[in-house]
Amino acid sequence: MLVPIFSLKLNHKVSPRTVAIGRFDGVHPSLTCGTTAGKVLIHSPHVRAQAQPAGGATSMGDLSDINLLNINQQVVSIATGRLTDGSEKDTLVVGTATNVMAYDVDNNTDIFYRDAPDGANAIVVGRLGSIESPVAIVGGNCSIQGFDQKGEETYWTVTGDNVCSLELVDFNGNGQNELIVGSEDFDIRVFKEDEIMAEMTETEAITALCRMQDSRFGYALANGTVGVYDRSTRYWRIKSKNQAISIHGYDLDSDGVEELITGWSNGKIDARSDRTGEVIFKDNFSQAVAGIVQGDYRMDAGSTVEQLICVSVDGEVRGYNPAPPGLAGNLMDTNLEQDTIRELSQRKQNLMLELKNYEENAKANTQLQTTLSVNPGDNSKPPHVELYISTTNDTVIRAVLIFAEGIFDGESHVVHPSPSALSGTLRVPVVPPKDVPVDLHIKALIGHKGSTQFHVFELTRQLPRFSMYSLITEPGIPEPRSSVTMTLNERPQRLLMWINQSFLLNEDITGELDVDVSFLSLRGSGPLVIRMTQTGQLTIMTDDMDLAGDIIQALAEFLNLEDLLTTADFPVEIETLKQILIKVDEYHRVRQKLTAEMADHSNLIRSMVVRAEDARLMGDMRSMRKGYMELFDLNRDLINGYTIRCNNHQELLSCLKQVNQIIQRAGRLRVGRYKTQVVNACRTAIKNNNTSSLYKIIHTGMA
């Protein structure tokens, strides 16, 4: 059984997800943590670590090994890495709610200090794609920025929601890193520099990402789910009642394949096989885990083994060496043979029971039929997709279990008809919250009314991507004011084929000439009109810019379009953007005014303190009392001003988020290089405060 090879106490409270390790002098590793007191703790034990005896659990803790870097703000994120070409030294990058700082720990100097109005929720340092120099990539309020060693912005793009996690992975195996982004809108997006090359939808916000071997990466969600992807394919996932704080890829059992190491909110640490998710090792801290890293922290002479280093929120640190090769796959001191026999016996018992049920139900020749249809709803029920389940004889449906991601409150839904309502049919309302294809895994318990044992039917139905839209057959519904137009080198029949696959229709739409199809959104975003002429002119009419982007991206994927330029006309969105930009200017002016007032007050306070102390030393109690009363009033005004400034900052963040989201929507109305072109041109226009150019870019897609 694995035991810690070393342990120590930092004697500081550590903030979750702010743990990193770096070789700041180019040779010796140092553990770096963000503390709850607005400081960065740097633990550098390498001088003493070289004198440690090999083997056994040892203590490496010494307060003289710890240096504290005062940030004077809450530390939100920390990363280390080589930011300078040709240097062996790692750079420390620290993110707060409003700033990003790069620090040369070895020389005790700032490298750069940049304002980050969008925040710095996550940071990763390394090489991205074909960008020449390494970058510190910062994810914030719907935006992603990359800074080089001089603090110059060399990379910028937008994403759908607030960034929660970032990781660099060679996703497509071309030898260059792609950027994987997890955000609050439940999506994992893969960026090939500025261009999105893959999107995976999960069931909660993606709170952590970690690279593993080759194109595999681990992920953790806010609802306690952890799992592993290989490119766009998910290998496995498990869900816990606790929250996964930190994940890391590390070969703990020395089999040449990295396991997924997870640190949990209840203090548990476990290692799971990257292929199956099976637990091969676990340990427990007394407090929640703050972070997991790896490094050659002991620096034993002649050994280059990197330890797995786990840090808890109360500052406890444990390091584990990988197991000797002979222990591979059996790190928990369990009897594999007995466990296997027990598992096979249980499986045999279940199969025997299942066989008996099959034999009883084979006589009845029962079949299960399912139908999906759009239900526009009425006074008693809101609009939904209806799953209709029926049997082909006099058997009844005793219960139905439906497993689906992101539809139900949880990941499964169980329907138990009351005994008086038992029948051979059942209707289940399903409401997909987003326009993504969803697999419904259905398990139905079927039997006769007097049965005590039931046959379980299992089948899978896929909800098409745009299932929450009903076909409009009656004329007279007002057309949307907004539209996107483009020219495709395709026949209208190909568009019809895509519509029949992507929408939930009672029967396929057919036609030889122009396409003119109208739908009504069941989520309340109004009509959707799709028209295409024989010449390839395609028009998508909808007032929902997100929906227009979803349709264009799905259609481009179906038609294998690498690049697509469109013209977008969204007057309501443009008017909204104008109002938001006016507010942003106002908030910036107020912020500058408040900052200047606070600076004046601070200078005034210094002089008033000196005068009051002079009065006290001279025994002039009356003047001293008067001075301190004025100080008290001024301090109160200063606190009120700071409160106003905080509220102003929150409003500014909200407006900047909306601006970034509109830019992202405008980008999604295009495909390939035109999409990247729109995002970059919009960024340049905002930097130059050229609003008229910004509106033109969103409309035409051209700079």
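## Close-up views of strands and helices

View 1. The model is predicted, so local features need pLDDT of at least 70 and side-chain atom pairs count only at pLDDT 80 or more, while totals for chains, interfaces and linings use all residues. Residues are numbered from 1 along each chain as its sequence is written, and side-chain values use heavy atoms, with hydrogens and water left out. Strand E32 spans residues 396-403 and strand E35 spans residues 438-447; they pair in the antiparallel sense over 7 bridges. Strands pair here if DSSP finds at least two bridges between them. The element names come from DSSP runs numbered from the N terminus: helices are H or I runs of at least four residues, and strands are E runs of at least two. Look also for Val396, whose bridge partner in E35 is Gly447.

**View 2. The sheet around E32 and E35.** In what order do the 4 strands of this open sheet lie? The order is E33-E32-E35-E36, with antiparallel pairing. Strand E33 (412-415) and strand E36 (455-463) each have a single partner strand and stand at the edges, so one side of each has no neighbour in the sheet. From one strand to the next, the twist averages 20°; angles run from 0 to 180 degrees between N-to-C directions, and axes are lines fitted to C-alpha atoms, for helices over the stretch in contact. E32 and E33 run antiparallel and are joined by 4 bridges. Within that pairing, you will find Ile402 bridged to His413 of E33.

**View 3. A second open sheet, from E7 to E10.** Here 4 strands are arranged as E7-E8-E9-E10, again in an open sheet with antiparallel pairing. Which strands stand at the edges? They are strand E7 (77-81) and strand E10 (109-115); each has a single partner strand, so one side of each is left without a neighbour in the sheet. The average twist from one strand to the next is 15°. Strand E9 (residues 99-104) pairs with E10 in the antiparallel sense over 6 bridges. A handy pair to find is Val100, which stands opposite Arg114 in E10.

**View 4. Helix H5 packed against helix H8.** Helix H5 (residues 571-617) packs with helix H8 (residues 691-700) at an angle of about 150°, and their axes are 11 Å apart. That angle makes H5 roughly antiparallel to H8; the cut-offs are under 35 degrees for roughly parallel, over 145 for roughly antiparallel, 65 to 115 for roughly perpendicular, and oblique for the rest. The two helices have a right-handed crossing (right-handed if the near helix is turned clockwise from the far one by less than a right angle, left-handed if anticlockwise). On the H5 side the contact is made by Ile574, Leu577, Lys578 and Leu581, and on the H8 side by Thr691, Leu694, Tyr695 and Ile698; contact means heavy atoms within 4.5 Å. These contact residues of H5 and H8 comprise 6 nonpolar, 1 polar and 1 charged (Ala, Val, Leu, Ile, Met, Phe, Trp, Tyr, Cys and Pro count as nonpolar, Asp, Glu, Lys and Arg as charged, and the others, Gly among them, as polar).

**View 5. Helix H4 crossing helix H6.** Helix H4 (residues 545-559) and helix H6 (residues 621-668) cross at roughly 35°, their axes coming within 8 Å. This crossing is left-handed. Met545, Asp546, Gly549, Asp550, Ile552 and Gln553 of H4 meet Ile662, Arg665, Ala666 and Arg668 of H6. How do the residues of this contact divide? For H4 with H6, there are 4 nonpolar, 2 polar and 4 charged.

**View 6. Helix H6 alongside helix H7.** H6 packs with helix H7 (residues 673-687) at an angle of about 150°, the axes being 8 Å apart. The two are therefore roughly antiparallel to each other. H6 and H7 have a right-handed crossing. From H6, Val659, Ile663, Ala666, Gly667 and Arg668 meet Lys675, Val678, Val679, Cys682 and Ile686 of H7. Those residues of the H6 and H7 contact divide into 7 nonpolar, 1 polar and 2 charged.

View 7. An unreviewed UniProt entry places "domain: BBS2 hairpin" at residues 571-668; positions use the numbering given here, feature names are shortened, and annotations may be inferred rather than shown by experiment. Over residues 571-668 the chain is 97% helix and 0% strand, with the end C-alpha atoms 17 Å apart. UniProt's annotation "domain: BBS2 C-terminal helix bundle", also from an unreviewed entry, covers residues 673-698. That stretch, residues 673-698, is 88% helix and 0% strand, and its end C-alpha atoms are 15 Å apart.
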